[in-house]
Amino acid sequence: MTRSGAQARFGSTELSDGQARTLGRAVRLERITIGTLLVTVTVVALVAGQSQAMKVAWIEDSLSLLPPVAFLVAARIAGRRPTPSHPYGYHRSVGVGHLVAAVALLAMGTFLVVDSGSGLITGERPPIGVTSLFGVPVWSGWLMVAAMGLTSIPPVVLGRMKMKLAEELHDKVLYADADMNKADWMTGLATVAGVLGIGAGLWWADAAAALLVSTSILRDGVANLKGAVAGLADARPTTYDDAGPHPLVQQVETVLRQQPWVRDAAVRMRDEGHVFHVEGFVVPVAGTTPTLEQLAAARKRCADLDWKIEDVVLAPVAELPEHQVPR
Amino acid sequence: MGLRGGRWAAGALAVVLLAGCGSGFPRDPEGTLERVRGGELRAGVVESPPWTEVPDSGRPSGIEVDLVEDFARRLDAEVVWVPGSESHLIRSLESGELDVVAAGLTETAPWEKHAALTRPHTEIATPDGRTEKMVLATRLGENGFLTELETFLVEREERS
């Protein structure tokens, strides 16, 4: 995937040079993430042994591959222009990718909570013995601790870098991925505590740590599923981190109301993934009919607000249709 | 995982580190190693020549028997041999009546839910060309004891 400034786009939305660079950086970071994860998964598998916490950490690391892959696929597909068979473009690929990743997290989280919980209840006692490192006997627990310590660092750094880009690109898959990465150090710490717990003769520490980590996977799954479903079900657009309604909804309405020929206006907007589709209903001042030029100018004012807004449909109406723009 | 999770994990880590500052590391939940050192090593044995041979009277012999006796000397312990069938002895291991079982077990023995199998002490080639890795079984979770035994096995590998 090569992206020069002039070609980078989300559907029919041309990206500015700055955004194209951001997208390029995000793609690069996600590739680095995948590379790091593959190394992590290999290292953790080599030292995992019979610790439940290590097993859970390994599965979490493998699952962390999903969001970056979903992002790369979605970013590529979302770049296609709209066609007669896909008149809204391919932006929804972001939502689909998000949903797939969320379901995987949720299913695996549930499985791991049950698996670790039953280990705790039945009192499973993981054996951790000795590994021969070039003929020197070393307690395998130390290798696990070292592996978890080392592999917890890169995702945290990458997560922080990706978080900034997610806001700029309004990309929720990227956000979900960055958020999971940022929390990775806690997974690492819990796993280390579990392994050291076994070493201290506290057999339950491992299963307890595993339970803690799998609960966090489950919670990630629930949060992401909510977000993904809301997006696909045409909920009102929210900010990239789902913290609140997106300010653009209000801003577009204000811009329309400020037109001298407009008496009242209301919009409904949906988040297609990266970009928003806007339908604006405008009530002209009594006794006037807006000209095509006036309508075109109003549309341009809306589109100028933000790069995410380009697909704007305006409908002049006698009064605001309650069923289309519920208050 | 929220920030609360992080604080929990950090707290658990602190508790674990404090608990670990007692005697050796790793430690046995049931204190097997401490009990065996200078005392008795209770070993189950199943007839499986050449690894183990159990005469009707007198002490057992065989490669694994010698191995366990060597290990006991390292711990200044006296071996008490308990002959029996494999599944019976593994159950005794599980309930803590035995510390180790020598039965000519291979690495693929189906006991991993009931016993901690050690690293291989010997590798042999079977007639059909596969490699069999011979192991001993210890009580699950007694990681101090397992580590001591496996350290002994690694050092023995290095000597030979």
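1. In this predicted model, helix H1(A) and helix H5(A) meet through a defined set of residues. H1(A) contributes A:Thr40, A:Val43, A:Val44 and A:Val47, while H5(A) contributes A:Ser140, A:Leu143, A:Met144, A:Ala147 and A:Thr151. Of the residues in this contact, six are nonpolar, three are polar and none is charged.

2. Two packed helices are described by the angle between their axes and the distance between the axes. Here helix H1 spans residues 17–47 of chain A and helix H5 spans residues 140–151 of chain A. Their axes come within 9 Å and cross at roughly 165°. Angles over 145 degrees count as roughly antiparallel, and H1(A) and H5(A) are therefore roughly antiparallel to each other. The crossing of H1(A) past H5(A) is left-handed.

3. Chain A is assigned two domains: domain 1 covers 9–232 and domain 2 covers 247–316. The C-alpha centres of these domains of chain A are 40 Å apart. Their contact involves 17 residues of domain 1 and nine residues of domain 2.

4. On the side of domain 1 of chain A that touches domain 2, helix H4 (residues 93–121) supplies the largest share, three residues. This side of domain 1 divides into five nonpolar, ten polar and two charged residues.

5. As to confidence, the average pLDDT of chain A is 88, and 98% of the residues score at least 70. Residues 1–6 of chain A, however, have a pLDDT below 50. This stretch has eight contacts in the model beyond near neighbours in sequence. Where pLDDT is low, the predicted coordinates should not be read in detail.

How values were computed: Residues numbered from 1 in each chain as written. Chains lettered and ligands numbered in written order. Predicted model: local features only at pLDDT ≥ 70, side-chain atom pairs only at ≥ 80, totals over all residues. Axes fitted to C-alpha atoms, helices over the stretch in contact; angles between N-to-C directions. Helix = DSSP H or I, 4+ residues; strand = E, 2+ residues; numbered from the N terminus. Parallel < 35°, antiparallel > 145°, perpendicular 65-115°, else oblique. Left-handed = near helix turned anticlockwise from the far one by under 90°. Contact = placed C-beta atoms within 7 Å. Nonpolar A, V, L, I, M, F, W, Y, C, P; charged D, E, K, R; others polar. pLDDT = per-residue confidence, 0-100. Domains from an automatic or database assignment.
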